[in-house]
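Hi there,

Here is the model I promised to pass on. Have a look at it first, and then read on for what turned up.

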Amino acid sequence: MPTHQPDWEKTKAYALARLERELSADLYYHSIQHTRDDVLPAAEQLIGLTGLGAEESLLLRTAALYHDLGFVECYSNNEPIAARMANETLPGFGFDPDQIQVIHSAILATQLPQTPHTFLEQLICDADLDSLGRDDYFTTSHNLLAELRAHGAMLTMRQWYSRQLEFLSAHSYFSEAARLLREAGKQKNIAVLRLRLQCLKE
């Protein structure tokens, strides 16, 4: 453990303030709500289910806070930007170099296709895609479609549902905790996607 504990409250306040102030208004999915009300609570739930230790829990929470911060600078390839921001700002909140490296790697692991190499990286990846297995999946999915359209993607609803069906069918949660929590819901959402696609074909 470090000689002094990093300041979680100041870290959280900094990241959320930047997201709230600097994110583009047309980020209907990658908004502050995605970080604050979706990924961070999902990470907290996985922490509770896995019994993660205090320091690793702090690092996971911080990675969740920072994982989309790169969107304040660039829409595409934002994960390396977020990792750079973590490197630049976290020393000021009391994080040591080893801790920052863990957070840096966890942020990069969320880039699609997800590539986690450690248990903590698996958990941040699962938290980032927690909504795939939730009851509000179609709300978040339609928010993402609206965002992509705002950024130039010309997608019909049929094309979107086809793409989502392919993505969900190929996706696997990495941790046992996330599978227990969300796999059944994800399979339910896959079934609804198939039904909706069938209706659109008629």
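To start, does R36 count as buried, partly exposed or exposed? R36 counts as partly exposed, with a relative accessibility of 33% (buried is under 20% relative accessible area, exposed over 50%, partly exposed in between, with a 1.4 Å probe and protein chains only). Its side chain meets that of D37 in a salt bridge, at 2.9 Å from N to O. D37 is partly exposed too, at 45%.

Before going further, please note that this is a predicted model, in which local features need pLDDT of at least 70 and side-chain atom pairs count only at pLDDT 80 or more, while totals for chains, interfaces and linings use all residues. Residues are numbered from 1 along each chain as its sequence is written, and side-chain values use heavy atoms, with hydrogens and water left out.

**Salt bridges**

The search of the whole structure gave 13 salt bridges, each being a side-chain nitrogen of Lys or Arg within 4 Å of a carboxyl oxygen of Asp or Glu. One of them joins K188 to D135, with the closest N and O atoms 3.9 Å apart. K188 belongs to helix α9 (residues 176-201) and D135 to the loop between α6 (119-128) and α7, so this pair ties together parts 53 residues apart in sequence. Helices here are DSSP runs (H or I, at least four residues), numbered from the N terminus. Both K188 and D135 are exposed.

Helix α9 also holds E183 and K186, 3 residues apart and so separated by about one helical turn. Their salt bridge has its closest N and O atoms at 3.4 Å. E183 is partly exposed, with a relative accessible area of 23%, whereas K186 is buried at 1%. Finally, a network of salt bridges links D38, D130, R134, D136 and R182.

**The largest pocket**

The largest pocket has a volume of about 630 Å³. A pocket is an open set of points on a 1 Å grid over the protein atoms alone, where a 1.4 Å probe fits, with protein on both sides within 12 Å along at least five of seven lines; lining residues have an atom within 4 Å of a point. The volume is the space filled by probe spheres set on the points, which are joined across faces, edges and corners.

There are 28 lining residues, and Y29, H30, L112, L129 and L144 are the closest to the centre. The lining divides into 11 nonpolar, 12 polar and 5 charged residues. Helix α7 gives the largest share, 6 residues, and α8 (157-170) supplies at least two.

Best wishes

Conventions. Ala, Val, Leu, Ile, Met, Phe, Trp, Tyr, Cys and Pro count as nonpolar, Asp, Glu, Lys and Arg as charged, and the others, Gly among them, as polar.
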